[in-house]
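Dear colleague,

Please find the structure below, with the sequence alongside.

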Amino acid sequence: MRDAGRGCLPDPARKAHWIAMTSNPAGDGFTRGFDQLPANGYEPDPALAGYPPPEPAQTFGPMSYGQSGPGQPYGYPTAYPPPPAFQPPGPVSAMPDGPRPYQQMLRGPRYRWWKPLLCLLLVLPLALLMMALAIVPVLIAGLVTGAPDLVAYITGATTDIANLGPVGFIYLNLTLIVLIPASGLSIWIVHGVRPRFLSSVAGGIRWGWLMRCVAVILPLWALYTGMGVLVEPFTSPRPDHWIALLVIVVLMTPLQAAGEEYFFRGWIMQNVGAWFARPMVGLVASLIVSAVAFSAAHLSPDPWVLGTIACLAVASGIAAWRTGGLEAGIAMHAVNNILTFFVVVVFGGWSQAFVGAQTSGTPMMLLLAVAANGVALGLILWQAKRIKLHPYYQPPARPGISTGVPQAPAYPISQYPAP
């Protein structure tokens, strides 16, 4: 007896149909006539010659969904990990989300127009508090050693800077050095930007670049100081404690110059520059405010003196913009002060080294200052271009978002190869 529909079925279905037709229920005493033949006793279909033998039929459905095995052509492998847990977004960073010049480092996602004003209200009390704390050990040392210059300077009994000895000179330097932590902490508290970005867009002092600036401008400034002495000779005698003063100059004057740069160039340029959306407008406004504030802080009403001081302020501000940091301004300021103090301590003119209400200048001093600061700025920018110094802040690269799920393998649609 031959099954009429057997020839039109595919090979796996034909085999299943044959088994169903030739199987007998146990004990029914009935046979269909096909149980005398073995299960595999039929001839395979010639159209399927050369193909691998059929696999046992798979059961598909909800119970087998997700199973995997060597003979399963469908479904998802069990190696898939569970989906990642939801991570809530973190706080928004105060750092800029794109390239920024130095004067706009504070203009990040969390910037608000009122923050520079709040920062100003904070930096002044911080500076005064640090000045009061720094003067305590110096005042004790002055009282113990009997140095009258510090007590007279603090109490206002004298305003003559020529009477300052080593102890008073240390106090004067400390009042300017504390501007470094005061400026950095005020920006960190109000704007959320760490103090190291007040030094440069790289997030700290670039010491190699600082030393290069010092080496470039040192010969020029030595010539400038010598010509200044020739134009305006010093008349006051050499101070009594000139050796101690010389040691203080070497150790503390670089920090004193850095303190002025951190406040008048760093703090002012970043807070004023952040007020303006256009970088060039912010640069011009910050340079003007920095130069005016720096000149007025020296308390001299003489226009030639104010112009001379403003030259250094403008040159340092432009250098901070073009190099992305305060290193060039610190080098110019520190070299100028160290050479000036060295000359007046060794050769005389101690009282003329400090700018005050009685200080006067000449047009020749202003011309020399314009020439010296202009040449120094040109040399610094030339060196920055030579070493390809990057003047902009670059935000760190964001890592790509990974779901943790591996790529699904490419399962074949059929167990038989394509013809």
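Helices (H or I, at least four residues) and strands (E, at least two) are taken as DSSP runs and numbered from the N terminus. On that basis the protein has 12 helices and zero strands, and its pattern along the sequence is α-α-α-α-α-α-α-α-α-α-α-α.

This is a predicted model, in which local features need pLDDT of at least 70 and side-chain atom pairs count only at pLDDT 80 or more, while totals for chains, interfaces and linings use all residues. Residues are numbered from 1 along each chain as its sequence is written, and side-chain values use heavy atoms, with hydrogens and water left out.

Burial. A residue is called buried under 20% relative accessible area, exposed over 50%, and partly exposed in between (1.4 Å probe, protein chains only). Of the 419 residues of the protein, 40% count as buried.

Salt bridges. A salt bridge requires a side-chain nitrogen of Lys or Arg within 4 Å of a carboxyl oxygen of Asp or Glu. The structure holds three of them.
- E327 pairs with R206, and their closest N and O atoms are 2.9 Å apart. This pair links distant parts of the chain, 121 residues apart: E327 lies in helix α11 (residues 327-347), and R206 in the loop between α6 (196-199) and α7 (207-231). E327 is buried, at 0% relative accessible area, and R206 is buried too, at 15%.
- E261 and R265 meet at 2.7 Å, N to O. They are separated by about one helical turn because they stand four residues apart in helix α8 (residues 242-273). E261 is buried at 0% relative accessibility, as is R265, with a relative accessible area of 0%.
- D97 and R100 meet at 3.9 Å, N to O. D97 counts as exposed, at 53% relative accessibility.

Cysteines. With a disulfide taken as a pair of cysteine sulfur atoms within 2.5 Å, the structure holds zero disulfides. C119 is buried at 0% relative accessibility, and C311 is buried at 16%.

Largest pocket. A pocket is an open set of points on a 1 Å grid over the protein atoms alone, where a 1.4 Å probe fits, with protein on both sides within 12 Å along at least five of seven lines; lining residues have an atom within 4 Å of a point. The volume is the space filled by probe spheres set on the points, which are joined across faces, edges and corners. The largest pocket holds about 1,900 Å³ of space. It is lined by 50 residues, of which H298, A353, F354, V355 and G356 are the closest to its centre. At least two lining residues come from each of α4 (166-177), α7, α8, α10 (303-323), α11 and α12 (363-386).

Surface patch. W113, W114, L117, L118, L121 and W275 make a nonpolar surface patch of about 670 Å². Patches are built from residues with over 30% relative accessible area and no salt bridge, like charges being joined within 9 Å and nonpolar side chains (Val, Leu, Ile, Met, Phe, Trp, Tyr) within 5 Å; areas come from the Shrake-Rupley method with a 1.4 Å probe, and for residues only the protein chains shown count as cover. W113 sits in the loop between α1 (11-22) and α2 (115-145) and is exposed, at 59% relative accessible area.

Backbone. L299, a residue other than glycine, has a positive phi near 65°; L299 lies in the loop between α9 (279-296) and α10 and is exposed at 61%. K388 likewise has a positive phi, near 60°; K388 is in the segment after α12 and is exposed at 76%.

With kind regards
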